[in-house]
Amino acid sequence: MLGALRRKVAIGGSSASVSGKAIRPIISASRVSVNVGEEILLLQPRGIAHVRNFSHLILPGCSVGLAKTRDVFSSIQSETIMQKSCRAFSSGDGDLVDAVVPFMGESISDGTLATFLKKPGDSVAADEPIAQIETDKVTIDVVSPQAGVIQEYVAKEGDTVEAGAKIAVISKSGVGVAPAAPTEKKSEKAASKPSPPAESVKEDKPKAKVEASPAAEKPKPPSFPPPKRTATEPVLPPKERERRVPMTRLRKRVATRLKDSQNTFAMLTTFNEVDMTNLMKLRSDYKDAFVEKHGVKLGFMSGFVNAAVSALQHQPIVNAVIDGDDIIYRDYVDISIAVGTPKGLVVPVVRDADKMNFAEIEKTINNLAKKANDGTISIDEMAGGSFTISNGGVYGSLLSTPIINPPQSAILGMHSIVSRPMVVGGNVVPRPMMYIALTYDHRLIDGREAVFFLRRIKDVVEDPRRLLLDV
């Protein structure tokens with residue numbers, strides 16, 4: 001049988017058979033020699049040319065052979081698998097990599113491809129943003145996995161994409177990718193096009209006159225004067241002066257949540273006014289020392305956050321929430337701060353505000369506000385919250401009725417400080433006054449608790465020493 005097998009191999013056929021199993025050539029390139037101990041295996045494009053001691057030949061897929069040979073092929077296979085696993089996003093030649101949508105958060109399933117930051121043909125560095133994904137809460141960057149040149153985009157602006165979706169193809173070497181052409185060349189080419197010769201224009205005019213002459217002989221239909229508008233009919237501007245722009249996902253999410261808040265809660269707002277004299281004097285006296293020690297400015301928000309913490313501890317029902325037929329009382333105080341950004345309203349959360357002092361609150365608020373305006377705030381930094389403070393006074397609002405941020409039960413509205421005449425000790429004197437508003441869910445919170453809550457904030461802000469004495 002061994003002689004028959006040798007004759008088959010010597011013919012140079014495309015395959016041979018050993019014990020009923022096919023041995024096919026696995027090398028299609030130049031001649032390769034593998035030395036295992038004393039045995040030498042020669043593989044050529046046409047097949048197996050010569051085998052010495054055929055009983056020791058083992059190829060991938062066979063199950064019988066020497067331990068040395070099996071070890072060699074197992075190492076070759078493992079090395080091949082390792083090379084393939086290291087190129088999860090590579091094409092066949094390993095030069096192309098895919099840029100995909102990153103994980104966007106547990107509560108976010110998809111997003112909208114808002115804009116491309118680079119053009120095909122542009123060079124990019126590793127981890128450089130090339131596109132932005134807009135979600136219901138934040139804007140997420142899609143970065144290039146490696147340095148190279150953008151070969152093409154496989155998605156369009158406005159498409160809805162999920163985590164892991166392919167956005168672009170990056171060429172690591174940049175071979176075969178045309179460089180991005182500047183937009184100015186198009187206008188130059190359009191301007192450089194020659195205008196049609198004047199003779200052809202002149203020739204067309206007589207033809208138009210000749211063709212128009214038979215039409216002039218036909219009787220004209222009677223013309224009726226345009227209908228006169230009545231006095232009550234409105235005159236609408238032309239449609240050309242209007243622009244229709246699709247809503248961003250963040251704006252749609254804000255609109256949905258605010259409308260759900262109106263449809264769900266029995267909202268009622270109560271008002272009060274605060275004399276800011278003492279808090280402003282405290283800030284003026286210690287602002288320089290505060291900045292020198294803590295490295296952050298002393299603002300009014302830290303005072304109102306501490307006042308809200310004290311009020312929530314005195315009226316825990318305001319910190320609770322309705323869940324079905326139950327009431328959930330929260331034994332922690334997470335204060336949400338409404339921040340207006342160019343892209344929309346976001347509400348980052350100051351965690352465990354009841355355990356912070358003035359400096360820690362100011363640092364946290366400044367950090368969150370900076371991230372919100374830069375668009376780098378994360379979803380975790382906006383999740384949760386048991387009570388919200390909205391400061392419309394920074395925009396000049398004198399009075400408003402804020403809307404509850406679900407699933408919370410109340411929201412405090414701050415407003416601008418205005419000097420008004422007030423009666424103090426029987427005398428009319430100018431005082432810096434601020435209106436404050438508390439919107440609450442009347443299903444859970446009665447008017448008595450709401451008024452006491454707002455009164456506690458007024459007392460603490462007007463006399464910050466109450467925080468030290470806990471009175």
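Good morning. The phi angle of D470 is near 55°, a positive value in a residue other than glycine. With a relative accessibility of 61%, D470 counts as exposed, because the cut-off for that class is over 50%.

Let me now turn to the whole chain. The protein has 471 residues, of which 34% count as buried. Its secondary structure comprises 10 helices and 24 strands. Among contacts between residues at least 6 apart in sequence, 60% join residues at least 24 apart.

A word on confidence is in order. The mean pLDDT of the protein is 77, and 68% of the residues reach 70 or more. Over residues 1–92 the pLDDT is below 50, and this stretch has 90 contacts in the model beyond near neighbours in sequence. Where pLDDT is low, the predicted coordinates should not be read in detail.

I come next to the pockets. What space lies in the largest pocket? The volume is about 1300 Å³. Its lining is made up of 49 residues, with I337, A338, V339, L345 and V346 nearest the centre. The elements that give two or more residues to this lining include β17 (335–337), β18 (339–341), β19 (344–346) and α8 (358–374). The largest share, 5 residues, comes from α5, a helix that spans residues 249–264. By class, the lining of the largest pocket has 27 nonpolar, 15 polar and 7 charged residues.

The second largest pocket holds about 640 Å³ of space. It is lined by 23 residues, and those nearest its centre are L282, F358, P464, L467 and L468. Two or more lining residues come from each of α6 (277–294), α7 (301–314) and α10 (465–469). Of these, α6 gives the largest share, 5 residues. The lining of the second largest pocket divides into 12 nonpolar, 5 polar and 6 charged residues.

My next topic is a sheet. Four strands form an open sheet in the order β6-β13-β11-β8, with antiparallel pairing. Why is one side of β6 and of β8 left without a neighbour in the sheet? Both β6 (96–100) and β8 (123–124) stand at the edges and each has a single partner strand, so one side of each has no neighbour there. The pairing of β8 with β11, residues 148–153, runs over 2 bridges. In one of these strands, β11, G148 is the bridge partner of V124.

D127 counts as exposed, because its relative accessibility is 57%.

Finally, consider the loop between β21 (387–391) and β22 (410–414), where N405 is placed. Is N405 buried or exposed? At 17% relative accessibility N405 counts as buried, because the cut-off is under 20%. Leaving aside residues up to four places away in sequence, N405 touches R257, V347 and T388. P407 is found in the loop between β21 and β22, and a cis peptide bond, with omega about 5°, joins P406 and P407.

Thank you for your attention.

Terms used: Residues numbered from 1 in each chain as written. Predicted model: local features only at pLDDT ≥ 70, side-chain atom pairs only at ≥ 80, totals over all residues. Heavy atoms only, no water. Buried < 20%, exposed > 50% of the residue type's maximum accessible area, 1.4 Å probe, protein only. Contact = heavy atoms within 4.5 Å. pLDDT = per-residue confidence, 0-100. 1 Å grid on protein atoms, 1.4 Å probe; cavity = no way out; pocket = protein on both sides within 12 Å on 5 of 7 lines; lining within 4 Å. Points joined across faces, edges and corners; volume = space filled by probe spheres on them. Nonpolar A, V, L, I, M, F, W, Y, C, P; charged D, E, K, R; others polar. Pairing = 2+ DSSP bridges.
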